[in-house]
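Notebook open, structure loaded. I'll jot down what I look up as I go.

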Amino acid sequence: MTAPADIPPEDDTGDDTGLAEFGYRPELKRTLGTFHTFAAGISYISILTGTFQLFYFGYGHGGPAYWWSWPMVFAGQLMVALSFAELAARHPVAGSVYNWAKKLGNPHLGWLAGWLMLVASVVSLAAVALAYQLTLPQISRVFQFVGDGTGTYDAATNAVLLAALLILFTTLVNAFGVKLMARINTAGVFVELIATAVLIVLFALHIVRGPGVLLQTHHTGAGQPLGYLGAFLTASLASAYVMYGFDTAASLGEESLDPSRNAPRAILRALIASFVLGGLVLLLALMSVGSLDGKGLTTDGLQYVVLDVLGDTGGKAMLWCVLIAVTVCALAVHTAAIRLTFAMARDTNLPFAARLARVSPRFRTPVLPAVLIGVLSLAVLLLNIRQPQIFSVVTSLGIILIYAAYLLVTAPMLVARLRGGWRPAGGGRFSLGRWGLPVNIVAVLWGAAMIVNLAWPRAAVYNATGPQHWYLRWGAVLFVGAVAVGGFAYYWCVQRHRTGILADHAARPSTAPSAGIGAGNGTGDGNGTEVSVPADG
């Protein structure tokens, strides 16, 4: 698809051309090629991490027919990804969601999107790291350090311990620069893709039933207010938890080569590849598992299927590949969070902005944000150390915030289209053309619907084990509301008066950028650092 003829082509004199429009000077080292950006997106989505971590939830609440939520979620997320691809072609900049919302809406909306995404990233890193518990003890009981796994809190506490070790690893790797991160991430993604292909083939060779299994509900709709529809909507969260994070390719735009062309491709390729490969894994797992009534399907999920179909030796070899996938997924989540922190800090939109936006002259990466994100994610784990329903709750809260942050991009983008203010990239770069408006409308409706579905006060998600408390069932609404309202109140009363590009990061330190990036009337960030303050936007 190409831009309409009446839209003038963008100037394309170099990779850093678009940064000047935001008022930034280039600081991060451009070392990432086409496969690196694709690997960043697909490792964040992580086929094996998401499917192996959440199959038990989807199957337990929707039976085999829950599989249909996979194409449903893909169709909705594809609309979001197409909108993001068009934005990435126009604005491949660090902290993509934050900067896009700021550009399309205003500095206040941008800050809220960045804040929600930042909190979500911290929670998501903890949630991804918890997947170690679902894999390592299946490989060997020696990894069950706390108790024997049968106690009420054994699994949850051990999960926190294993997750903490993974977060320490991702912190160290990210602190040593994007080049090391890219090498590990690329190698891990290569292993994950090969392992996924091998798993698909092995499942296909052990098929014991036909695709008609996808029509079986196992009576999961019994007792539901909406019948099977209610059960299906709950089970669909397992798919919704997987297909997100494709914007990471654009968030690495300031460290990529030819990002305005590579980032849109990476976004779409990562989502489509994840859909195809993940859908085949789930389908063939249901067709090859020995019994659809095995108790392990609703407790251990795909780990149980792998061991059941491939046997102990082959199954455990595949679980090691899953472990690699979880590792690079956590690494990608951590990496994206660092770029977001850096992007917000250089606009003086976080406390201690000058320190958080400082780029290491040796490693050419923001080191302090790597440490801060790691510490905060560890804190999330410690708060949940004795929570037996830690997996679903922590994951749900993080995903709701991400879907909300995405909506704060697609909604103002739709407003801009309707007002005639949206100008896609020219020069042969990705554009939806006349399809932009209908795609954008569906993306907004989908995002709003999924936020409602994710946050719905279901006991099955937020209070699965007793005792039952109303505040636990409404925990998602209360938590997301507190983060959004409390965060924006802080910005409105305190932070907006400091907003402005830090002088050390501005393209023209003594003048305001023409794009109107921020608002406020402060002259410093509280650390004695002079800032370039743009006019109110």
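**Helix pair.** I started with how helix 4 and helix 13 run relative to each other. This is a predicted model, and in it the axes of helix 4 (residues 69-90) and helix 13 (residues 259-288) come within 8 Å, crossing at roughly 170°. An angle over 145 degrees counts as roughly antiparallel, so helix 4 and helix 13 are roughly antiparallel to each other. I then looked at the contact by class: helix 4 with helix 13 has 19 nonpolar residues, 5 polar ones and no charged ones.

**Salt bridges.** Next I went for the charged pairs. How many salt bridges are there? The count comes to 5, and I took notes on some of them.

K102 pairs with D347, with the closest N and O atoms 2.6 Å apart. I checked where the two sit: K102 is in helix 5 (residues 96-104) and D347 in the loop between helix 14 and helix 15, so this pair links distant parts of the chain, 245 residues apart. Buried or exposed? K102 is buried, at 5% relative accessible area, and D347 is buried too, at 3%.

E254 and R346 also meet in a salt bridge, at 2.5 Å from N to O. E254 lies in the loop between helix 12 (248-251) and helix 13, while R346 is in helix 14, so the pair ties together parts that are 92 residues apart in sequence. Both ends came up buried when I looked: E254 has 3% relative accessibility and R346 has 0%.

I also noted R261 with D258, a salt bridge at 4.0 Å, N to O. Here R261 is partly exposed at 23% relative accessibility, and D258 is partly exposed at 29%.

**Positive phi.** I then looked up two residues other than glycine with positive phi. H219 has phi near 60° and lies in the loop between helix 9 (178-205) and helix 10 (228-235). H219 is exposed, with a relative accessible area of 71%. F352 has phi near 55° and sits in the loop between helix 14 (302-346) and helix 15 (353-356). F352 counts as exposed because its relative accessible area is 54%, and the cut-off for exposed is over 50%.

**Nonpolar patch.** Last, I checked the surface. Which residues make the nonpolar patch of about 550 Å²? I listed W470, Y471, W474, V477 and L478. Helix 20 (470-473) and helix 21 (475-493) each supply at least two residues of this patch. I looked at V477 on its own: V477 lies in helix 21 and is partly exposed, at 37% relative accessibility.

Key. Residues numbered from 1 in each chain as written. Predicted model: local features only at pLDDT ≥ 70, side-chain atom pairs only at ≥ 80, totals over all residues. Heavy atoms only, no water. Patch = residues over 30% accessible without salt bridge, like charges linked within 9 Å, V, L, I, M, F, W, Y side chains within 5 Å. Areas by Shrake-Rupley, 256 points an atom, 1.4 Å probe, with all protein chains shown as cover. Salt bridge = Lys/Arg side-chain N within 4 Å of Asp/Glu carboxyl O. Helix = DSSP H or I, 4+ residues; strand = E, 2+ residues; numbered from the N terminus. Buried < 20%, exposed > 50% of the residue type's maximum accessible area, 1.4 Å probe, protein only. Axes fitted to C-alpha atoms, helices over the stretch in contact; angles between N-to-C directions. Parallel < 35°, antiparallel > 145°, perpendicular 65-115°, else oblique. Nonpolar A, V, L, I, M, F, W, Y, C, P; charged D, E, K, R; others polar.
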